[in-house]
Amino acid sequence: MKFNLHLKFALVIVLLLGFYSQVFCWDCHFIYLKLVSNALQAGYPLLGEKVHYSALEPFLEKNSSEIRKRLKEFYTWKNKVYPYQQWILTDDGKAALDSTAALTPAQFKLLLGVQEMAFNSITPPELFTEAFGTIVANPATELPFSTWLCCFSDEPDWGMDLYLFNGDPRYGTIPFGDPQKYSSQSAFHQDYNNESFVMYKLMPSLKQSMAFLRFTIFTEMAGIALKSGDLFWAARFLGNSLHYQQDVIVPYHSRVFPNFSFGTAWAYLTASDKEKFIREKTQLLANHQFLYETLVCETLFGRLQCIESVMPDCHGIIMSAANCPQPPAGIGKYLDEFNQSSEKAYYHANAVDTMICDVFPAKLTSDPGYDPGLDQSFDIFEYFNPQIPDYSEKEKKFLLEFRSDLTDTLTATTKLVAGFLSATAKSIQ
């Protein structure tokens, strides 16, 4: 019992410190959507169709009845599959669902469980602007459906899920992360539904991950928008949904403690300064994720080598995934793929973490006093380039794990985009 209490305390400290608060979090989701959209555009002309920017109010005025119907179905389903006191339907929410007037933006955001500032602006990452140019949010802005889709695949990281556990009546105690920091959004962007019995015993709140709920409701809203002919909000909601799906494919987002062992537990129990041990372990794991995601991002942008050489079968993977059978109708119809993605990431996390420790020097992977994410002069190519010893072998190790994650990301993204457009576009025609 004493062992369990000590270890439980350790895990709580790790999680409350905001495990991944300073890292990329699979930054620049738009890159995956760009690859998929380019490959699919010939078979799905809607991806190339020009779409004007549109405010939220017209979408709500036109679709309030259908939105209410779908939200009622969602909350009924949610209460069956998620028995925790999070994302609660408040009295104000119930009143909004029972009203016959058009939903206001505030009511809609209340029911979606997001921050009041959600959808108020368009602030894509700098790398998106470099690739697509600056986007101005006004009715004169007209862009291809695929460009909007790429843009909004990063939107859930713009603040809609931040600080929701600071007295918001829809939410209870934060399951993991720090309610005052960026990691306050962790419960919506990480999926710990494949953890071991031991982990759940030590930290039951890991089961309160809500990424699959966000994924589900945004997919439903995208379906309503597409069926009503509102292509802007279809792209926006579908991009949001894809964000959550792609997030859980990140190995560090689906396994709370890669390579956790009883040796780790024993080291903690025998440490003279246990809080220092936890701080250091947390920093090292954060450094590992930072290194992996930085290298992934550089690879996707072709700075390591062109994506065609890294993944010569990239186009074939996308086209194969596009031909998969359509899911059945109903709330949560795309969850099988979501859950499979998360499970694969969970089992892949140990290999990724081991690879990072093999590829990079101890200064980056074993020194808790150094944080590359805070080092303004940090350049990953100082440690990963053809001039370093054994580069060829290290590159092979990285690409082996990267290709696995990229394949899963492209497959899951394609299945949702192709399946969604195929299943719902028919009702527009």
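The largest pocket is lined by 16 residues, and K34, L35, L300, I307 and E308 are those nearest its centre. A pocket is defined on a 1 Å grid over the protein atoms alone as an open set of points with protein on both sides within 12 Å along at least five of seven lines, whereas a cavity is a set of points where a 1.4 Å probe fits but cannot get out; lining residues have an atom within 4 Å of a point. The model is predicted, so that local features need pLDDT of at least 70 and side-chain atom pairs count only at pLDDT 80 or more, while totals for chains, interfaces and linings use all residues. Residues are numbered from 1 along each chain as its sequence is written, and side-chain values use heavy atoms, with hydrogens and water left out.

The space in the largest pocket amounts to about 350 Å³, where grid points are joined across faces, edges and corners and the volume is the space filled by probe spheres set on the points. Rolling a probe the size of a water molecule over the atoms shows where empty space is left. At least two lining residues are supplied by each of helix 2 (30–40), helix 15 (307–310) and helix 16 (314–322). Helices (H or I, at least four residues) and strands (E, at least two) are DSSP runs, numbered from the N terminus. Helix 2 provides the largest share of the lining, with 6 residues.

Confidence was examined next. The mean pLDDT of the protein is 89, and 91% of the residues score at least 70; pLDDT is the predictor's confidence in each residue, from 0 to 100. Among the elements, the lowest mean pLDDT, 56, belongs to helix 1 (residues 2–16), and the highest, 98, to helix 5 (residues 105–112). Over residues 20–25 the pLDDT is below 50, and this stretch has 25 contacts in the model beyond near neighbours in sequence. Residues 425–429 also have a pLDDT below 50, with 5 contacts beyond near neighbours in sequence. Contact means heavy atoms within 4.5 Å.

The largest nonpolar core contains 125 residues, of which F59, F108, F119, W148, F237 and F360 touch the most other members. A nonpolar core is a set of buried Ala, Val, Leu, Ile, Met, Phe, Trp, Tyr and Cys residues joined through side-chain atoms within 4.5 Å. Buried means under 20% relative accessible area, exposed over 50%, and partly exposed in between (1.4 Å probe, protein chains only). With neighbours within four places in sequence left aside, the contacts of F119 are L56, F108, K109, L112, E155, M160, F218, W233, R236, F237 and N240. Another core, of 5 residues, lies apart from the largest one and includes Y268, L269, A271 and I278.

Two residues other than glycine have a positive phi. For W87 the angle is about 55°, and this residue is placed in the loop between helix 3 (56–81) and helix 4 (91–98). W87 is buried, because its relative accessible area is 0%. The phi of Y163 is near 60°, and Y163 is placed in the loop between helix 7 (145–152) and helix 8 (186–189). Y163 counts as partly exposed, because its relative accessibility is 40%.

Further positions were considered individually. E298 lies in helix 14 (residues 274–300) and counts as buried at 16% relative accessibility. K62, in helix 3, counts as exposed at 58% relative accessibility. E142 lies in strand 2 (residues 142–144) and counts as partly exposed at 39% relative accessibility. Residues up to four places away in sequence not being counted, E142 touches K50, V51 and H52. A137 lies in the loop between helix 6 (126–132) and strand 2, and its relative accessibility of 40% makes A137 partly exposed. The C-alpha atoms of A137 and S54 are separated by 8.3 Å, although these residues are 83 residues apart along the chain. On the same exclusion of residues up to four places away in sequence, A137 touches Y53 and I122.
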